[in-house]
Amino acid sequence: MTGEKNLQALLAGMHPVQRTGEYVYVLWPHGRPLAPGIEAAVREAEGLTVVLPRAEADKEGLSYDFVGAWITLQIHSALEAVGLTAAVSRALTDATISCNVLAGFHHDHLLVPVAEAARALEVLAELSARSRQRQVPGQLQERAEGPPVPELQLRDETPADREAILALTAEAFAISPATGLPAEGEPVEVKVLRELFEAKEYLPGFSLVAVLAGEVVGHVISTRGWVGGHELLGLGPIGVTPRLQRKGIGSALMKETIARANAAGESGIALLGSPEYYPRFGFVAAATLGVLAPEDAWGDHFQLLPLALWPGGVHGVFRYAEPFTRL
């Protein structure tokens, strides 16, 4: 697999992930057999430097000064790529966070002070988000999709659309995305959508339909959510008529939502969805930015897109619009 060389694509596509544990640099004693658990090594004239888990260093009785958190950028960068290390180092330097860089064949890795790990992840996520905002339109088009449907119209939903929206949502969620099994009775997404239309958290301009030849073929809604007192958007459900799925309609609705959210001065969008699909729009595991899911079991399926006005330092459990609490 060929690594990515384009700096903009590298920054936009990187997905920083922290390894479990604490890591240290030590000078390995001359002549001692190497211990298991060594993660990286550099031979210098002065001796062999190794990086290994702190617990292993303590077990071996080795001294160290720096205790770091290990962050992997999760983007396959070519070894000849230019600028990634400089851009990442500059962002962390501006945030007064020191880092040590290790380049692997597939990924770049950072060791930052363990106490700064959460803040470093925020800085890197913000750097990636800013880079995605600068990408040309269409650059994030889903590779697995066909070309966008021609003459597709995106507009605000109106009350006259709602019967058609609920019908396409029932069709889109006839197979539960959570279980992979046919839904029993009315899909829960239809029930919550019906209530969101009437909820106090409903936001005009963030309930969008995709219309083709006069037919409503897709819909997405974002409603008000919070982390503590900080307002965010909670996206979902999003649905596309099954016969027209994988034609770019879902991507078009996502991109329009993101554009509107930035224009409205929103700072972030949270959602529960596939960690294989939504990162193409810039979403990352919300916990890496300090935003926790309403339920721990959601794990990396609970995601957040920090927008242009993301302030950083937002920490706590995300609270959806009230109809979600009755699910």
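**Exercise 1. Determine which element gives the largest share of the lining of the largest cavity, and describe that cavity.**

Step 1. The largest share, three residues, comes from α3. Helices are DSSP runs of H or I with at least four residues, strands are runs of E with at least two, and both are numbered from the N terminus. The model is predicted: local features need pLDDT of at least 70, side-chain atom pairs count only at pLDDT 80 or more, and totals for chains, interfaces and linings use all residues. Residues are numbered from 1 along each chain as its sequence is written, and side-chain values use heavy atoms, with hydrogens and water left out.

Step 2. α3 (84-94) and β7 (108-113) each supply at least two residues of this lining. The lining is formed by Leu73, Leu84, Thr85, Val88, Val101, Asp108 and Leu110.

Step 3. A cavity is a set of points, on a 1 Å grid over the protein atoms alone, where a 1.4 Å probe fits but cannot get out; lining residues have an atom within 4 Å of a point. One cavity of 30 Å³ or more is counted, and the largest cavity holds about 30 Å³ of space. A volume is the space filled by probe spheres set on the points, which are joined across faces, edges and corners.

Step 4. Five lining residues are nonpolar, one is polar and one is charged. Here Ala, Val, Leu, Ile, Met, Phe, Trp, Tyr, Cys and Pro count as nonpolar, Asp, Glu, Lys and Arg as charged, and the others, Gly among them, as polar.

**Exercise 2. Characterise the lining of the largest pocket.**

Step 1. A pocket is an open set of grid points with protein on both sides within 12 Å along at least five of seven lines. The largest pocket contains about 1,500 Å³ of space. Its lining has 40 residues, and Phe173, Pro177, Glu189, Leu272 and Gly273 are the closest to its centre.

Step 2. β11 gives the most to this lining, six residues. Elements that each supply at least two residues include α6 (188-196) and β11 (230-240).

Step 3. The lining divides into 23 nonpolar, eleven polar and six charged residues.

**Exercise 3. Describe how α5 and α6 are arranged.**

Step 1. The axes of α5 (residues 162-172) and α6 come within 8 Å and cross at roughly 155°. Axes are lines fitted to C-alpha atoms over the stretch in contact, and angles run from 0 to 180 degrees between N-to-C directions.

Step 2. The two helices are therefore roughly antiparallel, a term for angles over 145 degrees.

Step 3. Ile165, Leu166, Thr169 and Ala170 in α5 meet Glu189, Val190, Leu193 and Arg194 in α6, where contact means heavy atoms within 4.5 Å. The residues of this contact divide into five nonpolar, one polar and two charged.

Conventions: Parallel < 35°, antiparallel > 145°, perpendicular 65-115°, else oblique.
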